[in-house]
Amino acid sequence: MTAATAKTPDRSTWGAVATMYRLTTGHRASVVVATVLTLVGSGLGLAQPLVARNIVDASGHGRTFWPLLALLAMLFVTEAATGAVGRFVLERMGEGVVRGLRHSLIARLLRLEMSQYQRHRTGDLISRVTTDTTLLRDVVSQALVDLVTGALAAAGAVVLMAWIDPLLLLLVALTVATAAVVVASLLKGIRAASAHMQGSVGALAAELERALGALPMVRVHRAEDREATRIGKRVDAAYDAGVRTAKLASVMSPAVELAVQGSFLLVLVIGGLRVNGHANSLGDLVAFLLYASYLVLPLSSVFRAVGLMQRGMGAYQRIGQALGLAAEPVEAVEHVKSAESVEPAESVERAVSDVCVARAAVPRRVEPTGRGETAALALHDVRFGYVPDRPVLDGVSFTVPHHGQVALVGRSGAGKSTIFALVARFYEPDSGTLLFDGRPAAELSRGACRARIAVVDQNTHVVHGSLRDNITYAVPGAGDAEVRRVVELAQLDGVVRRLPGGLSGILGERGNTLSAGERQRVALARALLARPALLLLDEPTSHLDAINETALTTLMKEAAQECALLVIAHRLSTVRHADRIIVLEGGRTVVSGSHEELLTTSPSYRALAAGQMLRPADGTPGAAAETAAHGRPRTP
């Protein structure tokens, strides 16, 4: 399935069959083998009543029937063995289809446009990879072949029943037709109820992920009962949808069973009368009754398969919707052949190669930085809004040289984090130009742009795994010497000593075994290991104590000698050491300069300092800022 198949599928039964058949692309050989084996088994089953008839007739006439009994036993055993092999082939094929779907979904979800994650809940997207694909496995591995083989086996039984006694067959056909009418009336309701049930399960997963993701907050505010009630409502909704589906399915199954049992009784009564009237032999009646009973299994499998397909279509639609969500352009992952064919290290090497090609490319657009060289990063009149007609950035322009530290300051909502999101190519500017090394970002793939940068976010990301896994996330093949270097630079030596297993110690879900400051230092070590051309730091000292903050300040000075630093800062200790400070206000760059220059010349900057938007490590405004803003230090 691809994004192209995300359109609403044909709601008819044959449309559902065609849709499920398309899912078996790449597994058609298994489908053919399983179908042939199942048909062979059905043929062996159809032969058994004829052998039984001959046994009855031979017994009635005093002839030897032991060879026929041996043949019947052999047919029975062979049918069972053939059916077992066919079922295994089907189950393996179903697992293969699910594996392919999950690979496609995972690859798609990991590359969705960032805006899609704001519109869809994570838990619901996860449920499409797990719950919905599992339901489709049952449909593909059972319903599709059961529908075909069941229909053919039923047709074979009907042909043989017509050969034995057409009148009795007519009675059976009337009862089965009645059941078919009942089943057809239920199919639409089963599909709708199944889609509702899958949606309810997805919402349940999303609510549970929401609560577990903020468990400390839930515990502190004693909200366990409230969250249990909230999630319980989703559980109840899933229960109601499941009960509705079960109710419709429960009506369908008895309808089929009653039709078959009713036809069996009619055949038994009327067939017995015909035997007494010498219209048929006892062997004919036994054979017909065996075929009537044999008809139960294929007919039941056909009706069950049709119902299961309608349920599967609800899951298919949800999977198709996920595959149809907007993802980053192909150029963003142009070097990733597939989830199965490219090793992570290969994609990283190619991304790094992109950087080399980009830097060696022809005529760069020169962005002066005061030293006659291009800027590592430049923004020219960049405008952007997450929602149309609601700009977050309204004409931002500045440059970041290849070496040195540039700080972004401003009130919350001024657009600082949005600039980082644009630099990381999570979003594209509505207008204006973003340049890396003098080249417009639009001329580079997103992979090439991201290979230039590393980010230490304010909301640090630490995943379940070892400390080493988290540090080497961007460079999986990093050597021990490089890892030790960044561990020392990020002041993680104490963490390594404390963790059982050191660098191999498991950090737990979202790094919950670490403090906020330790998680931030892990993120910093990860960024430094990548040796980026541009390092983005979002509030790098927000979770650090005074000692570690001083060490980080020194580290930032050293890093600025090797690469470009763009820092979002609120602390004076960070801002003071920046080579240039850019003040954002209302999504615009209003002024830039050094700390001392801005205190003297910029009312906006003085207001930030005096209002503690720029604060020293101890949380009180600096004396220089106070004096510049008020002529004297403020008293509490």
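**Helix packing and the second largest pocket**

At least two lining residues of the second largest pocket come from each of helix 2 (28-60), helix 3 (66-109), helix 5 (122-164) and helix 10 (296-323). The model described here is predicted. The volume of the second largest pocket is about 400 Å³, and its lining is made up of 18 residues. Nearest the centre of this pocket lie Thr38, Ser42, Arg87, Thr149 and Leu297. With 6 residues, helix 3 gives the most to the lining. Sorted by class, the lining of the second largest pocket holds 8 polar, 6 nonpolar and 4 charged residues.

Helix 3 and helix 5, which each supply at least two residues to this lining, also pack against each other, at an angle of about 150° and with their axes 9 Å apart. Angles over 145 degrees count as roughly antiparallel, and helix 3 and helix 5 are therefore roughly antiparallel to each other. Their crossing is right-handed. By class, the contact of helix 3 with helix 5 comprises 13 nonpolar, 6 polar and 7 charged residues.

Helix 5 also packs with helix 9 (residues 282-294): the axes of helix 5 and helix 9 cross at roughly 160° and come within 10 Å. Helix 5 and helix 9 are therefore roughly antiparallel to each other. The crossing of helix 5 and helix 9 is left-handed. On the side of helix 5, the contact is made by Ala153, Ala157, Leu160, Met161 and Ile164. Helix 9 contributes Asp284, Ala287, Phe288, Tyr291, Ala292 and Tyr294 to this contact. The contact of helix 5 with helix 9 has 10 nonpolar residues, no polar residues and 1 charged residue.

A further helix pair is formed by helix 15 (residues 480-489) and helix 17 (residues 516-529), which pack at an angle of about 135° with their axes 9 Å apart. The crossing of helix 15 and helix 17 is right-handed. Glu482, Val483, Arg485, Val486 and Leu489 of helix 15 make the contact with Ala525, Leu528 and Leu529 of helix 17. By class, 6 nonpolar, no polar and 2 charged residues take part in the contact of helix 15 with helix 17.

Note on methods
Residues numbered from 1 in each chain as written. Predicted model: local features only at pLDDT ≥ 70, side-chain atom pairs only at ≥ 80, totals over all residues. Heavy atoms only, no water. Axes fitted to C-alpha atoms, helices over the stretch in contact; angles between N-to-C directions. Helix = DSSP H or I, 4+ residues; strand = E, 2+ residues; numbered from the N terminus. Left-handed = near helix turned anticlockwise from the far one by under 90°. Contact = heavy atoms within 4.5 Å. Nonpolar A, V, L, I, M, F, W, Y, C, P; charged D, E, K, R; others polar. 1 Å grid on protein atoms, 1.4 Å probe; cavity = no way out; pocket = protein on both sides within 12 Å on 5 of 7 lines; lining within 4 Å. Points joined across faces, edges and corners; volume = space filled by probe spheres on them. Parallel < 35°, antiparallel > 145°, perpendicular 65-115°, else oblique.
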